[in-house]
Protein chains: 2
Amino acid sequence: MTKSVLTYLEKNRDPLIEKLNAFLSIPSVSTNSIHKEDVKKAANFVADYLNEIGFDQVEIQQTKGHPLVYAEYNGAGKQAPTALFYGHYDVQPADPLELWDSEPFQPEVRDGRLYARGASDDKGQVFMHMAVFEAYMKTEGKLPINVKVCIEGEEEIGSENLYEILETKKQQFEADFAIISDSGMVADGQPTILYGLKGFTGLEFTVKGPNRDLHSGMYGGAVRNPIISLSHLLHSLKNEEEQVTVEGFYDGVEDITEQERRFIADVPGEDYQKVTGITETVSEKGYTAKEHTMARPTLEVNGVYGGYQGEGTKTIIPSSATAKLTCRLVPGQDPNHIQQLVIDHLQKHVPSGVTLEMKREPLSAKAYKVDPNHPLIEKAAKSYSRAFGKETVYVRMGGSIPVVEWIESIYNIPIVLLGFGTPEDKLHSPNESFLLDNFNKGMETLVYYWEEVKNLK
Amino acid sequence: MTKSVLTYLEKNRDPLIEKLNAFLSIPSVSTNSIHKEDVKKAANFVADYLNEIGFDQVEIQQTKGHPLVYAEYNGAGKQAPTALFYGHYDVQPADPLELWDSEPFQPEVRDGRLYARGASDDKGQVFMHMAVFEAYMKTEGKLPINVKVCIEGEEEIGSENLYEILETKKQQFEADFAIISDSGMVADGQPTILYGLKGFTGLEFTVKGPNRDLHSGMYGGAVRNPIISLSHLLHSLKNEEEQVTVEGFYDGVEDITEQERRFIADVPGEDYQKVTGITETVSEKGYTAKEHTMARPTLEVNGVYGGYQGEGTKTIIPSSATAKLTCRLVPGQDPNHIQQLVIDHLQKHVPSGVTLEMKREPLSAKAYKVDPNHPLIEKAAKSYSRAFGKETVYVRMGGSIPVVEWIESIYNIPIVLLGFGTPEDKLHSPNESFLLDNFNKGMETLVYYWEEVKNLK
């Protein structure tokens, strides 16, 4: 039975990629309101495809923000389990545009990779699942499992409306387990199951000084400089040993066990210097870079601006300076509490003569961990290994997927995180791409997996 | 003889303002190359006016950058002194545009003030001199003194080509003294002679981290954040007591004498909080804000940028972060030496894992001080007092006019700094304006002054 499905996928590689390219060509950037219509277009693309495959009850559910695509397939019968398949069709902004080698929304294949914003995160991976469903319907006339589809358009802006939907429409979205492909392998060709994710909280703050930009000669010496004040604040958040110096930040954090340290050490490591071009890695004192990225909390400043940024010199004391920051959290840290600790810290450290304006990032997520010995997880690992011909490793990662925490807390079902990205995909960066080999072997993995779990109920 | 000139100026107030408005309407922003043609237009305006008045040898001298307008008047005869009249027709950028109440390049009179970029700095003040020359020619048929005119288009970008011109064309520009109106009064209606200016040096530097923006979840914990690293560097330059913490920065600086402290205390002070809207003034430990702005060196960060600056959140570690800084210097500090000290300091303090790229601001200026008892200065003070009906005060100021230092070093002649701006002019800021009362009384001052000095030779 598996063979016909795999043959269909192999024979239809070109038309499938062509179809994926149409999906990737839509600039569905959710954070920027000028792309509102594009985001709608991407939702329609997903809904149209699901209809075409033969899903029932395909709905574009409106939210206060961007729409969510819902669909159901119940043709596998009551003996088969029901999977909640989650993904997102929105993407990160493409800027800085000048650093792309090809247009971010005109997909292009180079050296076995498909280049486009969203190729890996998450349109490419969402598309793989739909293509597998198409293959089953075209060859077997049915799917081996029942499926509830939930593809949202707000993941890159913190899934602002998803929690409410999942909570209020509990019966509609209920399933035996969830499956999500929005992550990656630790190395090319290395099957990887994610068993832990970090939480997330964020904040934007502005240091306000004079009511306008001032002449630095006339006022320098009488007025506190907002950029220097901002620097004092940012400096106070983290030391050169990469320890967050916000009081209480590490309270309640479980330290990594010796077993987990060995476990992390066994995961093939990414060559950070080669991949990112940095001169040396840095990490929290007492932890390796791998331990820090996977299992220790972080605080990063994501953007900063203030004063004159154009060509040449402008001799001013600027009226304000702004920074955007986010924290990645681990089990034991409550996102709202950490956000408040950062706010308290900034208020305590703001220099005299300037004032502080805060803008809390409204959405947040708690960190997540699942038992790697659950049969649904073990079978995923087995299918993954079979398609890629290599033993699967289990890792925790620094990324945040709020929906994982929400599905767990609302539905209390196992969540299978089966990702097919690679470290070279450049998620959120210029020249994002997806390895075509993973696209193909990933679909193979999914076919094996549906055959493994169809009788699990 | 004076009366007919003053009457002419009074009767022609409206047409003169109309003509000044045409000058102010040209967006001659020298720092931004998209305004190159506008800068040329402003040079043509000045040259046309000088021709119209009856100057000889009106030349638009091309430079590697923006042109300089030169003209001569020798009709006062050999017994009269020759003044070198310096000014600039270029202006600062108008941004942020949204903070202007009227268009920066569409002059508008409100409540006795003329609002436009350059109204005070320096087009308005340059125009006053030309209007006075016009009045003399139209009424007396001649000027009381000989004049060499030097109006440049690069003052706001550090007068990049002026030094070479002044040095190589020494004979052409030679004069008995120089007169410059590119400064202001310490308070409305308070005649003010500037006897000291600060020097200037600048630097732009970029902290470079990864070769692209990185996903903060995947790389946070392994990669040094360039914005936080930049903050460590900026934090290290100045402490909360407003002392510059660059090693050697204060070496050779003469401290303010007790006499000068009393002198500064006697100058009517600006209400910094009222004028700038700050919550409190801050100044170098041991000095008042007035002392610090007038007579102590400063270091300011003029602009900063890095990472994501758009709407919403982008969870990245940015690839780089940049800051622009400038120092205002006092006698005893060499600009190139100070620039090098800052560079050495930054290189010494840059955190591991990131690299530093420096861009030296190519132009600089030494601080300047003149003897306030020189007859040319005393007569300026007398004329000023006569026009405004109040005793003149003598001050040092934080602004830098590199040309002052250059004229002194190349020509070794007295320089009369006779400025008519006010503290409310908002130089370099949105809503720059010029007090029309000062425009009129300033021209009166100039007429008295020419009568005072015409026999001084």
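**Exercise 1. Find how much area is buried between domain 1 and domain 2 of chain A, and which residues of domain 1 lose the most.**

Solution. Domain 1 of chain A and domain 2 of chain A bury about 790 Å² between them, with 54% from carbon and sulfur atoms. Buried area is the accessible area (1.4 Å probe) that two parts lose on being put together, summed over both. On the domain 1 side, Ala367(A), Arg396(A) and Ser400(A) lose the most area to domain 2, together 64% of what that side buries.

The model is predicted: local features need pLDDT of at least 70, side-chain atom pairs count only at pLDDT 80 or more, and totals for chains, interfaces and linings use all residues. Residues are numbered from 1 along each chain as its sequence is written, chains are lettered from A in the order in which they are written, and side-chain values use heavy atoms, without hydrogens and water.

Contact (heavy atoms within 4.5 Å) joins 9 residues of domain 1 to 9 residues of domain 2.

**Exercise 2. Describe the interface of chain A and chain B.**

Solution. Start with area. The two chains bury about 8000 Å², 51% of it on carbon and sulfur atoms. Then count residues: 89 of chain A are in contact with 90 of chain B.

Now the charges. The rule finds 2 salt bridges across this interface. A salt bridge is a side-chain nitrogen of Lys or Arg within 4 Å of a carboxyl oxygen of Asp or Glu. One of them pairs Arg224(B) with Glu242(A), whose closest N and O atoms are 2.8 Å apart.

Last, the elements. Strand E11 (298-307) and helix H8 (226-235) are among those of chain A that each supply at least two residues to the side touching chain B. The largest share, 10 residues, comes from E11(A). Helices (H or I, at least four residues) and strands (E, at least two) are DSSP runs, numbered from the N terminus.

**Exercise 3. Is Thr276(A) buried or exposed?**

Solution. Locate Thr276(A) first: helix H10 (residues 272-276) of chain A. Its relative accessibility is 0%, so Thr276(A) counts as buried. Buried means under 20% relative accessible area, exposed over 50%, partly exposed in between (1.4 Å probe, protein chains only). Then list partners. Beyond neighbours within four places in sequence, Thr276(A) is in contact with residues including Pro210(B), Arg212(B) and Tyr219(B). Within chain A, its side chain reaches the backbone oxygen of Tyr272(A) at 2.7 Å.

Key. A polar contact is a pair of N or O atoms within 3.5 Å; within protein, one must be able to donate a hydrogen and the other to accept it, and residues adjacent in sequence count only if both atoms are side-chain atoms.
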